[in-house]
Every structure is written in C-alpha cells, then in structure tokens.
Amino acid sequence: MKKEFQIISELIENNTRVLDVGCGDGILMKYLKDQKNVDTRGLEISKNKVQICVSKGLTVIEGNAEEDLKQFPKSSFNYAILSQTLQAFYNPEKVIDNLLNVADKAIITIPNFGFWKVRLDLLVKGTMPITKNLPDEWYNTPNLHMCTIKDFFNFCSKKKIKLYKSLALHGERTFEINNKNLNWKNFSSELGIFLIEK
Amino acid sequence: MINKENIKKIIIKKPLKLDCGETIVDYPLAYETYGILNEKKNNAILAFHALTGDQFASGINPITKKQGWWSYLVGPSKAIDTNKFFVICANVIGGCMGSFGPGNINPKTNKEFGTDFPVITINDMVNAQHNLLDFFKIDKLHSVIGGSMGGMQVLQFVANFPNKTKTAIPIACTASHSAQNIAFNELGRQSIMADANWKNGNYSYLNSTPDKGLAVARMAAHITYLSKKGLQEKFGRKLQEKDDLNFSFDADFQIESYLRYQGSIFVDRFDANSYLYITRAMDYFDLVKQYNGNLSKAFEKSKTKFFIISFTSDWLYPTAENKEIVIALNAAGVEVGFIEIISDKGHDSFLLDVPEFLKTIKNFLEANY
C-alpha cells in the first residue's frame with residue numbers, strides 16, 4: 001500500500017464508518033475494513049474499478065462525487081476520504097462542503113502545485129509541469145483546479161474549516177505543517193494531506 | 001392446453017389476505033429448484049421472475065422445451081453457480097404455470113376463474129412465495145434476486161421481511177411503476193380485451209383463447225424490451241426472404257416477421273387473463289406510496305446488503321429510476337452497491353449474455369458468501 005494510504009489509515013480510528021470518494025480499486029477500503037474493522041463505503045466513477053471492488057466484497061456505488069454525495073444523509077459517516085481528486089472537480093468548494101455534510105471529518109489529499117519541481121518546470125521550461133503526481137499533458141489532464149498546500153491552508157482559514165492535521169509528504173517522509181514552516185513545506189512537498197472538520 | 005400435472009407444487013394452507021381484501025387459502029404454488037440446499041441451509045437464493053417468466057429459470061423448460069429464461073445466469077459454474085447455491089424459483093400467483101391463477105378452476109362454478117380471479121399485487125406475490133422458506137425450513141436466504149417485475153418483488157420482499165435474506169439484488173426495476181410503463185401495459189390489456197375471443201375473460205380455455213389480442217400485446221411489449229440501436233443493428237430495413245417490397249401488408253421487413261413470430265410462440269405458453277392480472281400487479285406497484293411517500297422507510301429495519309444494477313440502453317426502467325432506490329437505501333443507512341452496465345440490448349439485457357452483468361452477479365454473490 002502506498003505511503004499516502006498508510007498515512008490516511010493512521011488518521012482513521014478503529015470501528016468507524018468511512019466513505020471513500022473515488023475509491024479506485026478499493027485498496028484503502030479493503031485495508032481499513034480488514035485491519036481497523038472500519039465499515040466502509042465507496043463512490044467510484046469508473047465501472048471497471050467498481051467491478052474490482054465488488055469482487056473484493058466491498059460496497060461501492062458507481063457515481064460522481066459532484067452529483068452523488070448529496071444522497072447520503074448528514075453525518076452518515078465519521079470520515080470521508082478524498083484522495084488526489086479535489087483538483088478534478090468543476091466545483092471543489094461545493095464538493096468539500098458536501099464531504100463535510102455527509103461526514104463529521106474529511107481527509108483530503110492534494111498534489112501540491114507549489115512543489116519546487118512543478119515551479120521549476122514552469123519557470124525554466126515555460127511549459128505546463130509534468131511530475132510523478134501530475135503525469136498528464138495540459139491537453140489531456142483531468143485536473144481543472146490545481147492548488148498548492150498554501151492555497152488549501154488559506155482556503156480553510158477563509159472558510160472557517162478546522163484543520164485538525166496538516167501533513168506534507170515528500171517521498172517516503174512526512175512532516176507536520178504549521179504556520180512557521182508553511183512556505184518551506186509548500187516548496188518542498190509533493191503531496192498535502194489534511195484532516196478537516198467544519 | 002398444455003399438461004402441467006407434473007409440475008412441482010406445494011399447497012399453501014396458511015390463509016393469505018390479499019391487498020384487494022379477499023383471503024385465499026389452500027392454493028397451489030408451483031416452483032422449481034436448482035442445486036442442493038446445504039446442511040446449514042445458508043446457500044439458498046430465491047429468484048423472482050418477470051412478467052412472462054415462470055419457475056423454470058434454467059435448463060430445459062419441460063413445457064416449452066426451450067431453455068429456461070435465466071439460463072445464462074443460473075447453472076453449474078454460471079453467475080449464480082448451482083454447484084454452490086440452491087436456487088428456488090416459483091411461479092407468481094396470478095400466473096399460468098401451475099400456481100394459483102385465473103386459469104384455475106373456481107370450485108363455486110367448476111369453470112376457470114377468468115376475471116372472477118381476485119386482483120393480485122406484487123405484495124401478494126411476495127407474501128405467497130415467502131411460504132417457500134417454511135417449506136424448505138430456511139431461516140435466512142443468501143440472496144433474493146430478480147429483474148424487472150422480479151426486481152420489484154426483491155424490493156417488496158425486503159420491505160416485508162427485513163432480515164430474511166443476507167443480500168438482495170434488484171435489477172433493472174423501479175420502486176414505483178411509471179406512467180409510461182402503465183401506458184404500455186394498458187396497451188397490451190386493451191389489445192387482449194379487443195379480441196372477440198376474450199369475452200370479458202370468460203373464454204373457453206380449451207378451444208377459443210384470445211390469441212390474436214395476446215400476440216399483439218406481446219409484440220408491443222417486446223419492442224419496449226429492446227433498444228432503438230439494438231433493433232437497428234439487428235434488423236435495420238432488411239427484408240424478409242425477398243428481394244424487394246411486396247406492395248402489400250405481408251411481413252416485408254424482418255422486424256415485422258420477427259415480432260409476429262414472437263407473438264405467435266408466446267400464445268402457446270401464456271394465458272391472456274394471466275397477462276391482464278400480472279400487468280395490473282406491476283401497475284399497482286408503488287413502494288413509495290406504501291410507505292407514505294418515503295421509500296427509505298421501506299428499508300430502515302433491514303440489515304440486508306443490496307446491490308442494484310441498471311443498463312445503459314434500458315429506457316423502460318432507466319438508470320435514474322434504479323438510482324432512486326440506491327438513494328433511498330443510502331438515506332436509510334442500508335449497505336448498497338450500484339453499477340450501470342453498458343449494453344445496447346435494452347431492458348432485455350438482464351436476460352441475455354451480457355458478460356459484465358454476469359460477472360457482477362457472480363462476484364457479488366460469491367464475495368458475500
């Protein structure tokens with residue numbers, strides 16, 4: 001299991017209810033179900049990946065977070081997970097709003113557009129950045145709303161969303177982000193992982 | 001008439017109060033089984049048939065001598081693997097394959113019930129079939145499954161018996177029959193009633209049944225089970241065994257010939273009055289209304305794990321209607337999975353060889369066993 005999922009699973013308490021939005025082939029869901037006795041549900045846009053989840057005995061609904069989150073009653077879950085897909089929505093603000101409605105807390109991870117390699121690509125090459133976490137060309141990327149760790153930090157304070165935990169991931173190493181190191185972590189990290197609450 | 005004497009049936013002694021107010025007792029329920037019930041009795045699956053189905057889901061139907069309606073799904077190593085599971089399928093009441101229906105003899109008159117048969121509902125069908133659990137001494141089913149009207153029965157079953165099945169698979173169905181579907185059913189009924197042989201339902205079952213009306217009803221319904229794309233690809237404007245138009249009203253086009261054939265073989269195995277009763281039951285089905293406008297209430301007591309399946313080209317029971325069930329289940333906090341299968345075979349997809357569909361059923365049933 002990739003490092004990002006390890007960190008997410010450490011943020012989730014045992015015996016809780018979790019909605020994994022964009023659950024993919026259910027690797028994280030399966031881990032949470034088997035290792036932490038978590039009652040998991042998934043929402044996934046790809047039919048193929050829904051099939052894979054079904055074969056693993058996971059409960060997944062084929063659907064799109066922008067339309068299908070609304071169907072869950074308020075606070076149906078303890079946590080909602082959104083891994084590296086926030087930037088692909090038409091309206092990320094509304095998705096976050098809906099996440100924090102259906103779940104008490106949300107864990108959101110973002111590929112950091114403030115990462116130095118990304119900045120360097122644009123600065124030196126003058127072309128849209130391509131990295132491990134942003135592998136697509138500008139003309140075929142699903143990403144619509146890229147943001148940086150700092151952007152997300154500012155967004156939470158502006159929207160009065162509580163940031164319980166902010167972690168920066170670079171390679172296999174994780175760091176706590178705080179106000180003092182924010183600029184540096186925004187420069188040196190590939191991925192931001194946030195545990196938030198309304 | 002076809003000989004239905006060798007069909008397996010149980011006589012239900014427990015009185016059943018129908019939604020229409022009448023009570024029926026000592027009535028026959030015809031069924032068939034596939035596979036073996038294990039010692040723990042936890043491998044049973046109750047399959048519900050659709051409008052024109054019967055209990056012969058798999059293998060060769062002893063009456064029609066054709067493959068069972070769900071032969072693609074039910075059988076050894078198939079999607080519903082009868083090496084693992086014990087599949088029970090019953091003919092619905094109101095039907096014409098051995099269960100209590102309008103073709104049965106009314107003891108008061110010594111003639112067929114005809115339209116003196118009570119109007120039955122999906123709820124009545126499900127309550128009648130629930131007796132099979134007692135008969136087989138099954139405390140809890142592994143699954144209830146069905147497509148179209150079979151899916152409606154799945155929903156009603158869980159609403160009526162919230163914890164009598166571990167899993168439930170409603171396929172290509174709805175919680176509330178739409179105006180469009182009622183309209184198509186009415187077209188079929190009017191076609192039967194317009195046949196001079198129908199005689200208000202009191203026709204002679206032996207020699208003058210309203211076959212023309214029933215055949216037209218089947219033809220019209222058959223179109224609704226397919227998709228425009230599927231029809232176009234299969235038939236297009238191809239002519240039937242001729243090089244040019246005939247300038248007559250013969251079946252010039254292959255599609256005409258196909259529909260006529262479908263109508264003609266249908267009347268050999270189906271009773272016109274049963275068609276009226278069963279379509280009526282579908283039209284009356286409104287689980288939303290049964291629970292005072294809140295579908296979630298139908299499921300809130302249930303621990304059953306659901307999986308709902310729809311098909312892209314099904315315009316009779318479209319994805320949106322299936323998703324409403326998903327939404328209601330989620331609102332009730334019930335565990336539910338959902339997938340829309342890509343198929344251009346229309347509503348009939350649930351009866352056909354659609355690999356992704358078959359795979360989903362197999363994976364869901366086995367991963368939860």
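At 65% relative accessibility, A:K132 counts as exposed, where exposed means over 50% relative accessible area, buried under 20% and partly exposed in between (1.4 Å probe, protein chains only). Before going further, note that this is a predicted model, so to speak of local features takes a pLDDT of at least 70 and side-chain atom pairs count only at pLDDT 80 or more, while totals for chains, interfaces and linings use all residues. Residues are numbered from 1 along each chain as its sequence is written, chains are lettered from A and ligands numbered from 1 in the order in which they are written, and side-chain values use heavy atoms, with hydrogens and water left out.

Back to A:K132: it sits in the loop between helix 6 (116-125) and helix 7 (149-158) of chain A. Helices here are DSSP runs of H or I with at least four residues, strands are runs of E with at least two, and both are numbered from the N terminus.

Now hop to where the two chains meet. Helix 3 (residues 47-55) of chain A packs against helix 10 (residues 355-367) of chain B at an angle of about 30°, with the axes 8 Å apart. Axes are lines fitted to C-alpha atoms, for helices over the stretch in contact, and angles run from 0 to 180 degrees between N-to-C directions. These two helices are therefore roughly parallel to each other; the cut-off for that label is under 35 degrees, with over 145 roughly antiparallel, 65 to 115 roughly perpendicular and the rest oblique. On the chain A side the contact (heavy atoms within 4.5 Å) uses A:Q51, A:V54 and A:S55, and helix 10 of chain B brings B:E356, B:K359, B:T360, B:N363, B:F364 and B:A367.

Next up is strand 4 (residues 27-34) of chain B, which is mostly covered, with 8 of its 8 residues buried. Side chains in a regular strand alternate between the two faces of the sheet. In strand 4 of chain B, B:Y27, B:L29, B:Y31 and B:T33 point one way, B:P28, B:A30, B:E32 and B:Y34 point the other way, and all are buried. Strand 4 has antiparallel pairing with strand 1 (residues 9-12) of chain B over 4 bridges, and pairing takes at least two DSSP bridges between two strands. There, B:A30 is the bridge partner of B:K9. Strand 4 also pairs with strand 8 of chain B, again antiparallel and over 4 bridges, and B:Y31 has B:A90 as its bridge partner in strand 8.

B:N91 is buried, at a relative accessible area of 1%. Its side chain reaches the backbone nitrogen of B:M97 at 2.8 Å. Leaving out residues up to four places away in sequence, B:N91 touches a list of residues including B:L29 and B:A30, along with B:H49 and B:C96.

B:D26, in the loop between strand 3 (23-24) and strand 4, has a phi near 55°, a positive value in a residue other than glycine, and is partly exposed at 46% relative accessibility. B:K137 also has a phi near 55°, but is exposed at 63%.

Notes. A polar contact is a pair of N or O atoms within 3.5 Å; within protein, one must be able to donate a hydrogen and the other to accept it, and residues adjacent in sequence count only if both atoms are side-chain atoms.
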